[in-house]
Amino acid sequence: MKIKLLLFTVLLLALATIPARAREARPAGVSLYGETLLAQINIYRQENGLNGLRFDPGLTQLAQKHSFEMFQQKRIGHSNFNQRFERADSRLCVENVGWNFTNPLKMFDSWRASRGHDENMLKEGITKAGIAEVGDYVTFFACK
């Protein structure tokens, strides 16, 4: 537990020291939570021989809209996934959602412990992602 807290602290410090111009590629609407979560997913993907993902503004907007809808409905789920998939204009998309994980590393650990969510994070062929949280609701939407 202490090691995870230490790693989280180191990751946050590293993100805070990135020069502003290096972070300019981050799309609007991406929070520190989302940036930290994607950084952890990318570490995990690279440990498994896969490419890292980059933020995509369109996918971030789709993730934001879905997190907002879950927040409004007070219900977690993948409703309207097919519509998000179509709007992404991609041949391959995956989605993870979460609720009640205020720490992005705990959200990651929860997804890693779930077979389907883990498979999504390690999906070959995806290259871009959007992550958004509204209240306690989180959406990770990634496509080719």
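These are my notebook entries on one protein chain, looked up in a predicted model.

**Entry 1: the outline**

I began with the secondary structure. The protein chain has six helices and four strands. Along the sequence I read the pattern α-α-β-α-α-β-α-α-β-β. Next I looked up burial. Of the 144 residues of the chain, 42% count as buried. Residues 24 or more positions apart account for 68% of them.

**Entry 2: the sheet**

In what order do the four strands lie in the sheet? I read S1-S3-S4-S2, in an open sheet with mixed pairing. Strand S1 (54-55) and strand S2 (93-99) are the edge strands, and each pairs on one side only.

I then went through the pairings. S1 and S3 are parallel, with two bridges. Arginine 54 has lysine 128 of S3 as its bridge partner. Phenylalanine 55 stands opposite alanine 129 in S3.

S3 and S4 run antiparallel, and seven bridges join them. Here alanine 129 turns up again, with alanine 142 as its bridge partner in S4. The hairpin of S3 and S4 has two residues between the strands. In that hairpin, glycine 135 takes a positive phi near 60°.

I looked up which helices lie against the strands. Helix H3 (residues 57-73) lies across S1, S2, S3 and strand S4 (137-143). H3 runs at about 30° to S3. Helix H5 (residues 104-112) also packs on the sheet, where it touches S2 and S4. The direction of H5 makes about 120° with that of S2.

**Entry 3: aromatic rings**

How many aromatic pairs are there? I count six. I noted two of them in detail.

One is tryptophan 99 with tyrosine 137, a tilted pair at 6.3 Å centre to centre, with 40° between the planes. This pair links distant parts of the chain: tryptophan 99 is in strand S2, tyrosine 137 is in strand S4, and they are 38 residues apart. Are the two partners buried or exposed? Tryptophan 99 has a relative accessible area of 43%, so I put it down as partly exposed. Tyrosine 137 has 6%, so it goes down as buried.

Another is tryptophan 111 with phenylalanine 140, also tilted, at 6.0 Å centre to centre and 40° between the planes. Here, too, distant parts of the chain are linked: tryptophan 111 sits in helix H5 and phenylalanine 140 in strand S4, 29 residues apart. Both of these residues are buried.

I followed tryptophan 99 further. Phe71, Trp99 and Tyr137 form one aromatic cluster. Over the face of phenylalanine 71 lies lysine 74, at 3.8 Å from the ring centre.

**Entry 4: the cores**

In soluble globular proteins, nonpolar side chains tend to be buried together. I looked for such groups here. The largest nonpolar core has 21 residues. Which of them touch the most other members? I listed Leu37, Ile41, Leu53, Trp111, Ile131 and Phe140. Helix H2 (32-47), H5, S3 and S4 each supply at least two residues of this core. H2 gives the most, with five residues.

I took tryptophan 111 as a worked case. Neighbours within four places in sequence are left aside. Its contacts include Leu37 and Ile41, as well as Asn96, Val97 and Gly98. Also among them are His117, Asp118 and Met121. Val138 and Phe140 are on the list too.

There is also a second, separate core of eight residues. Leu59, Ala88, Phe141 and Cys143 are among its members.

**Entry 5: leucine 122**

Where does leucine 122 sit? It is in the loop between helix H6 (115-121) and strand S3 (128-134). Not counting residues up to four places away in sequence, leucine 122 touches Tyr44, Arg45, Asn48 and Leu50. I also checked leucine 122 against asparagine 42. They are 80 residues apart along the chain, yet their C-alpha atoms are separated by 9.4 Å.

Methods
Residues are numbered from 1 along each chain as its sequence is written. This is a predicted model: local features need pLDDT of at least 70, side-chain atom pairs count only at pLDDT 80 or more; totals for chains, interfaces and linings use all residues. Side-chain values use heavy atoms; hydrogens and water are left out. Contact means heavy atoms within 4.5 Å. Two strands pair if DSSP finds at least two bridges between them. Axes are lines fitted to C-alpha atoms, for helices over the stretch in contact, and angles run from 0 to 180 degrees between N-to-C directions. Rings of Phe, Tyr and Trp (its six-membered ring) pair if their centres lie within 6.5 Å; planes under 30 degrees apart count as stacked, over 60 as edge-to-face and the rest as tilted. Buried means under 20% relative accessible area, exposed over 50%, partly exposed in between (1.4 Å probe, protein chains only). A charge sits over a ring if NZ of Lys or CZ of Arg is within 6 Å of the ring centre and within 35 degrees of the ring normal. A nonpolar core is a set of buried Ala, Val, Leu, Ile, Met, Phe, Trp, Tyr and Cys residues joined through side-chain atoms within 4.5 Å.
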